[in-house]
Every structure is written in structure tokens, then in C-alpha cells.
Amino acid sequence: MEGGTATVLVVDDSRTKRYLLVSWLTRAGFVIIEAENGTEALARMAADRVDVVVLDVRLPDMSGFEVCERIKEDYPATPVIHVSAHAVDVGDRAQGLTRGADAYLAEPIEPEELVATTHAVLRYYQARRRAELLAERLAALADATVQMHAASNFVRLLEAAAAGAARIFRSPAAVVAETFDGDCLAGVAAGPDATPTVVPWAVDDTGVPIGTTVRIDEPGNWTLADWPAGDTVTVAAARLREDRAPLYVVVPTATQTVRTPVLVQLAQAIASAVEAQRSFDEEHRIAVTLQRSLLTRRLPEIAGLDLAVRYEPASAQTEVGGDFYELVMLDGHLLVAVGDVAGHSLHAATVMAELRHAVRAYAVEGHQPGVILDRVNELMRTLLPNEQATLCLLLLHPGSGLVRLASAGHLPALISRDGRVEFVQHSAPLLGVRAPRPPDLEFVLPAGATLVLYTDGLIERRDATIDDGLAALGRVATRVDDNLDQFCQRLLVELAPPEIQDDVAVVAVRRR
């Protein structure tokens, strides 16, 4: 047994011979278990921890060859040494080795030879066990690394890390790390098959250096899990940068081998995944803050009109996109615009800001929707030649309901009235493309009707066509809630997936 005294099972029906074998092995420092036949030997194997078997070839109830085979079937990592008090030929020795034995000693057996052979087979099997354990743990480490980098957010990452550590070491495990916001959380797995949980947990980081360090600690300092009784815990701390808090991986000390190589690699892999998640969260937060700061904060109050908007950023596994909306009164008309810049990144949000300001500037100059789009398109092609966007823009006169609309590759607006819906089609090339544009579309929004503009995140699905999405929107929008905010929220609840894959902007205008 690595790191302790090995236990030897001596199996021989001869009391005298068994006494000699036991005496020699005991003097060599081994712990001895005895059996006098094959049946008893197999029972002792099932009941006790055995590191090596010294097995007579001739037994009263079955042959030693058969006993060896059965031991190897159930305990393939336990070495077996055949001994024989009878004259044997090459065929006997070959049969013993072929049927699973690791060594074959024939009388006269010298004590030194027996002890040396026992040590030799133990060294081989201990090395084999270490290699197999290392290979198993490295494979589990690779799986855990993939799961961590595939995690959709920080909490899922901690769950994957804790579950991975528990599977690697086949024990309870805890992983403690700090979020981008400075919240310290711990992922905890009670065992290799347990469902991980995440709980708040504070750690004193004083004196933790850059790099990866390993220390032994008392379980009472890490009461996150039910650690094995009588054991300490081994804590690996990984810190990549001075301005980042370290993370910790905590496992029972009994699970560790010399130099703890897999634990160190696991801590470094988790640190890498955590740093990537923190960087993503930082960019995501900046982009969301920027985008929300650029969107209309207060809707105008207009006699005869009800207005409502909803904007939901993509969930944490995606980056922020370039969706935007605009509602503002200009010279007695309500300007309504909804747009979507191609791409999902902080860059897309900055492009969105430029387009939104351009739309406002050209609208303030008094241009009609089509002219505004032409000028915005020219601006994009000149200053943002590699960008593309869709945009639907209209001017609505509240008193008469007259609408003048222009679209640039955007999804059709929807009108809902008295349980019927109609899509306002205005096919035109998207922004960023040099192509002729059709004249503006003019129509009247009747009293009691609701006009809905939206971005593609509301209706597009990976498993459905755009026509399916439009049809679903049409079904949901046949009923417009008295409260227009509730109507927009219902559109999101009934149409958007539980975890939004793309930004969603919805604007609703009802003419009373």
C-alpha cells in the first residue's frame, strides 16, 4: 500500500509451509492475512483490503490457477505470486503466468527471494495505480475544463468547477471565487454524483501571492461540505493578477498524491475560466450601461396616444447587440424608430449610438422618413463602411392618425385592431448598402388601433423560420391589453425564449 504497510494474503493448505511464509513476510514488515483453501481466500479478498496475494498452486478445494483467475476478474489491480511445493515444469509456470499470476516461485523458496518478489510486484502495481489514477483524473480534468468554459454565467461556472473537482477526486469539493461585482461565492459538491450548489462565502485573501499555492488546512475553516472524519483539507489558491482576488479549490487531503499535480492544474484551469468570465461580464456590463444610457429614458406624453416600450438585453451567454428605439415629438409629429445594428458586441452598441444620434439630427432638420434613411445610409457608407443595420422609421400625426413610414430591411410593423392583425410591408435594402429605395409608405392608423415595432430577437428562433415567428407574433398580438405596458411584457413572455439569445426591443403606439 503506497504510503503505508502492505497487507499480504497468504493462501496455503500446509500449516507448516504457511507458517514459514508468514514468518518471512512478517519479519519484512508486511501485515499478514491467512487462508488455507481457495474458498476462504476469495472470502478474505471480499472482506479485507489486500495488497498482494501469495497463493499456493495446489489447494484442496480448487486449483491455485482457478483462484488466481477469479481474483484477477474481481480485483485486477491486486498482484498474485504463485508458490509451489512440488516439482513443476515449464508448462505449469507458463500456465500460472498465462492465467494471471505476476510471479511464480518454486521450492526451494529462499526468504530473500520471496520478500524481494513481493516488493517488486507491489512497486509495479503501485506505479500502475498511480498512472491509472493520473490518467483518470486528467481525463476528468479535461471534461471539467470544457464544462467550465461552456458555462453560461458565473454561477454555472462555479457549479461546473465544483462538480468537476468532485468527479476528479471522487470526494466532496468546494470552489470559491469572486465575481466581477466583488461578490464572493462558493460552488459546493457533496460528492462525485451530487448536484452542485452555490452559496455566499467570504475568505481572507491576505498574503495570497500571484501564482498557484497549495496548503493543508483544518476542515473547520471551510465548513462548506461534510469533509471525511479525521482528515484535513488541501486548499489550492490561484491568483492570476494583483488586482484580482484569488480563487480556492478545497478537497480532502487523503485524495492527494505527491506534489498535487492535478489539483494545481485544476486550480489554474478554473482561474483561467473565471478570468474569462469576469472579462466578459465587464464588457457586458459596460455595453448594457452604454446602451441603456442611450435609449429614451422617459416617454413623451401625447394627447390621444398611449406609448409603451420594452428593451431586454441578451442573456449572459451572449454579448450585447445594437438594438435601439426612439420616440420623440418633433413639430407636432411623433417620431418612432426601431433599429438593429448587425453584430453582438460593445462595438455594435457604439455603432447603434451613432445611428440613433444621426436619426435624431436629420429628423430635427425636418426631413421625411425616406430622406432621413437616405442620409443615415450615406453616413454609414462614408464613416462606417463595414457596418450594416436595419431600421424602421415613421412620423405619426396624433390628431389625424396619418403615418408616413420608411423601412431599411427591417421586419414589418404590425397593426392590431379589434382582434385582427395586419403586417405593414415596406421592402427596402438595409442600411450600409448602395441601392435604390422605394417611396415612403403612407397610411392612417385608425382610432383604437395599436402599432407595434420590434426587433428580430422577439420572433427569430434557431429551430423555426422567420415566417413561423411572424405568425406567432400575429397570434399573440390579436389581443391588446388595456395597459400597453402589460401588452409589451406579454409579447416578451409569450414569444421570447426563457434565455434570450438576442436583444429585444418592442415599441407599441395606440391611438385612442
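## Strands β17 and β18

In this predicted model, strand β17 (residues 413–417) and β18 run antiparallel and are joined by five bridges. L414 has F423 of β18 as its bridge partner. Strands are DSSP runs of E with at least two residues, and helices are runs of H or I with at least four, both numbered from the N terminus. Two strands pair if DSSP finds at least two bridges between them.

Helix α10 (residues 466–476) packs on the sheet and touches β17, β18 and β20 (450–454), with a direction at about 140° to that of β18. Contact means heavy atoms within 4.5 Å; axes are lines fitted to C-alpha atoms, for helices over the stretch in contact, and angles between N-to-C directions run from 0 to 180 degrees.

## The five-stranded sheet

The order of this open, antiparallel sheet of five strands is β12-β21-β20-β17-β18. Its edge strands, β12 (305–312) and β18 (420–424), each pair on one side only. The twist from one strand to the next averages 20°. Helix α11 (residues 484–495) lies across β12, β20 and β21 (504–511), at about 35° to β12.

## The six-stranded sheet

Another open sheet has six strands in the order β8-β7-β6-β11-β10-β9, with antiparallel pairing. β8 (197–200) and β9 (211–217) each have a single partner strand, so one side of each lacks a neighbour in the sheet.

Strand β7 (residues 184–189) is joined to β8 by four bridges, and A186 stands opposite V199 in β8. Helix α6 (residues 154–169) lies across β6 (173–178), β7, β8 and β11 (247–252), running at about 40° to β7.

## Basis

Residues are numbered from 1 along each chain as its sequence is written, and side-chain values use heavy atoms, without hydrogens and water. Local features need pLDDT of at least 70, side-chain atom pairs count only at pLDDT 80 or more, and totals for chains, interfaces and linings use all residues.
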